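Have the model open as you read.

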Amino acid sequence: MSVSDGIEAALCVLALWFVSQSFYSVTFHPLSALPGPWLCAITRIPYWIQLFRGNEVHWLHDLHNRYGTVLRFGPDDLSYISSGAWKEIYGNRLELSKAPDYGIQPANGIRSLSTTDVDTHRLWRRMFAPAFSEVGLRKQQPIFKEHMDAMVSLIERRLDTNLRSTSPSAKVELTSIFSFATFDIMADLCFGQPLGLLERDRSSAWVNSIFKLIKLMPLSLFVEYYNVSRFLYRKFEPKCIQKKKHEHFQHSAQRVHERVKTGSTRPDIWRQVSPAGPTEKLSLNAMCSNAELFMLAGTETIATLLSGLIYHLCLRPEKLELLKNEIRASFDTVSDLSFRRLSQCAYLNACIKEGLRIYPPVAVGVPRVVREGGMLIDNCWIPGGTRLSVAQYAAYHSERNFRDANAFIPERWLPRGAQNKTDVDVHADPSPDVFHPFSYGSRDCLGRNLALHEIRLIMGALLVKFDFELCEESHGWEKQLNFLMWIKEPLFCLVSPVPSKN
Ligand code: HEM
């Protein structure tokens, strides 16, 4: 047999294998009865294309609109948008494992809280709990408030620079300010010192590299998904990338080392991490891995929500007015703001919930993998190895769950009666309990309380001090790509200082 005959035969075998695999996938495969495009049942290619185009979020939303609450969007991938799915997938007492390709592996080889095994995870959650509890956060409040002063002062400086003598307001770009504030706060809590971004009004190379990393997420997911590409990448990973990863990790690790060496009297995270038992202690390496995780998970998520919230409030000035009235009736100055009092502001809380619904920072589902042997979900047998997730954006923008789902209506989260007469009766939302922006179950967001306090404090400080109006060029800002995180364009607002009361 000649070489070309050999190649021909191999191609024939491959084609036969592909056809029979495809036939099996759409006919006898245990998931074949579930709705979804037939091409997606055969191959993951449509999903990869959408992921690389930054369009996964909207693609899944469209498919759910067409196919319903359960969707097969890959041969072994199911997406759900029903409230019960959260409990079955993320709250399952069998603890389905996270898909291994999601989550960044720290360069020191020690897995962080988000990717570590079940037992270590349980232990660490107990150790970290005090630092992220209400009591712990109240102790940290002065740290947050220092950064509020720095944030306000930065906006004032930008105003001074941009203000024209004829106008009381000036154009200010806000997404960078939110990123600077959230990175400075989290660095202070993790390293015992801020990064000084608010003070310098400039990002740092390290922070910029985090944004570059986010854009590379689709590539990383692709490479990590297939055994062959993972093996090849590990074997032939370019030296320059290895070096960059190492340098990136070292940047935060060095700061954690310094923080541990010099100690601190400030109530940062490490001062509040409790030993879970007489012999349990967090190793320095584990501290470094988790610090890197906190710097990723606890910064852009908040900055994203804040940007989206301000944007949607500016588009609905009557809602912004209600919020301003609530904040300004309760607080005269930034120093009056407190975690406790802000948490009692009903309209602020409703606006934040609505911001998290209409523009969820974690907009795609983080998949869990069904164990060997399979399991029943919604009376349907799901084989082992299947990936399950709840797609947050699709769930929150579905009319199956929320009425007038694309409209920003904070009132839907207020008790009946507090609702604005002009709004649709959003209390008839069919399934608001699908809303879990911080996920659900044992691996839900560790920083939920911290995030909510920080968001309320930043919103409080902004509204006590400034008025906002969306600039013409930022209309349509919400049309963004998403690479697991939203890729935000600059958000320009006309900002004017509120005359002080005294
Ligand atoms: C608006 C802000 C935030 C949102 C929407 C958010 C959302 C989420 C979600 C959906 C998850 C679950 C991911 C999964 O299923 O694997 C998660 C996990 C996590 N988040 Fe957040 N997050 C926010 C802010 C924060 C902050 C401020 C921190 C503080 C450090 C934080 C730390 C974490 C950690 C450590 C995990 C992993 C928990 C575990 O695996 O046990 N997050 N977050």
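A polar side-chain atom of H121 lies 2.6 Å from an oxygen atom of the ligand, a polar contact being a pair of N or O atoms within 3.5 Å; within protein, one must be able to donate a hydrogen and the other to accept it, and residues adjacent in sequence count only if both atoms are side-chain atoms. This is a predicted model, in which local features need pLDDT of at least 70 and side-chain atom pairs count only at pLDDT 80 or more, while totals for chains, interfaces and linings use all residues. Residues are numbered from 1 along each chain as its sequence is written, and side-chain values use heavy atoms, with hydrogens and water left out.

- The shell counts 28 residues, with K98, H121, R125, R368 and C445 the closest; a residue is near if one of its heavy atoms lies within 4 Å.

**The iron**

- C445 (SG), 2.3 Å away, is the single protein donor to the ligand's iron atom; donors are N, O and S atoms within 2.8 Å of the metal (3.2 Å for Na, K and Ca), and water is not among the atoms, so sites may look incomplete.
- You will find C445 in the loop between α20 (392-396) and α21 (448-465).

**The largest pocket**

- The largest pocket holds about 1200 Å³ of space. On a 1 Å grid over the protein atoms alone, a pocket is an open set of points with protein on both sides within 12 Å along at least five of seven lines, while a cavity is a set where a 1.4 Å probe fits but cannot get out; lining residues have an atom within 4 Å of a point.
- Grid points are joined across faces, edges and corners, and a volume is the space filled by probe spheres set on the points.
- Its lining has 32 residues, and L213, L216, E237, I241 and K245 lie nearest the centre.
- α13 gives the most to this lining, with seven residues.

How values were computed:
Helices (H or I, at least four residues) and strands (E, at least two) are DSSP runs, numbered from the N terminus.
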